[in-house]
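We will walk through it one selection at a time.

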Amino acid sequence: MLATPNKFNLLDIVALKTPLSEHNLLAGQVGTIVEILAPEVYEVEFSDDDGQTYAMQSLPAHQLLKLHYKPLKTMSNNINQFGKGDNVAGDKIQNDFKGSNIGNVAGKVTDNARQQASNFTQTSGANISEILQLIGNLRQTAAQFPPDDRDDIIIDINDVEVEIQKPEKEHDLPKLKKRLVALLAAVVLVATPIAAVTDFTNNVLEIGNKLGIELKPPSGK
């Protein structure tokens, strides 16, 4: 997993700054960072109140706003001070929480969000973040291939990623298998060091395994 450049961390709760109409996402919709794909690029899971995921998107940092649930200590002190009859709002805050402090409530909200993120799994128990990491590995290896071979391979990799980001029940497994088989076939013909081809092949086979798609290792290299 890549290190975060002091921007966002894994399982941070974030909101969209701008709408993504092509993905039916509005500005202000809240999600959870479930993977760090690259410096300043994050995989964000959007779930409804029942914990059901309705979107997974790779987003740059400039499109995200980190949400904070715990108040500053000075804010907490002010609430306690004004809650002693000096202001009605302060009293209501104290009564509504019935002795709980706001930091504890915020902590519970964050814990629930983390639990939802950890429970998100794909076919055969494979976590979506693990599959996306394997796809990232494919791209890194493909960068070593000759341009003529690389362009077609990247197209198939992109098609696999788009399909994986859909809700699990919408996965087109025949289409995924076709793309993965095409990647295995294409890499056999690539004029590049055997070690790179081996790494690429192993990552494709691992993706198939996590999706429950049976693939045969290629022969010829």
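Which residues have the most contacts inside the largest nonpolar core? Select Ile164, Leu183 and Phe200: they are the ones. This core has 28 residues. Keep in mind that the model is predicted.

Select α4, α5 (147-164), α6 (173-188) and α7 (194-211); each supplies at least two of its residues. The most come from α4, which gives seven.

Next, zoom in on Phe200. Setting aside neighbours within four places in sequence, show what Phe200 touches: Leu138, Thr141, Ala142, Phe145, Ile153, Ile157, Leu183 and Val187.

Five strands make an open sheet, in the order β4-β3-β2-β1-β5, with antiparallel pairing. Select 53-60 for β4 and 64-66 for β5: these are the edge strands, and each pairs on one side only. Look along the sheet to see the twist, which averages 40° from one strand to the next.

Go in on one pair. Strand β1 (residues 13-16) and strand β2 (residues 30-38) run antiparallel and are joined by three bridges. Select Ala15; its bridge partner in β2 is Val30.

Last stop: where does helix α4 (residues 128-142) lie? Show it together with the strands, and you will find it across β2, β3 (41-47) and β4. Helix α4 runs at about 30° to β2.

Note on methods:
Residues numbered from 1 in each chain as written. Predicted model: local features only at pLDDT ≥ 70, side-chain atom pairs only at ≥ 80, totals over all residues. Heavy atoms only, no water. Pairing = 2+ DSSP bridges. Helix = DSSP H or I, 4+ residues; strand = E, 2+ residues; numbered from the N terminus. Axes fitted to C-alpha atoms, helices over the stretch in contact; angles between N-to-C directions. Contact = heavy atoms within 4.5 Å. Core = buried A, V, L, I, M, F, W, Y, C linked by side-chain atoms within 4.5 Å. Buried < 20%, exposed > 50% of the residue type's maximum accessible area, 1.4 Å probe, protein only.
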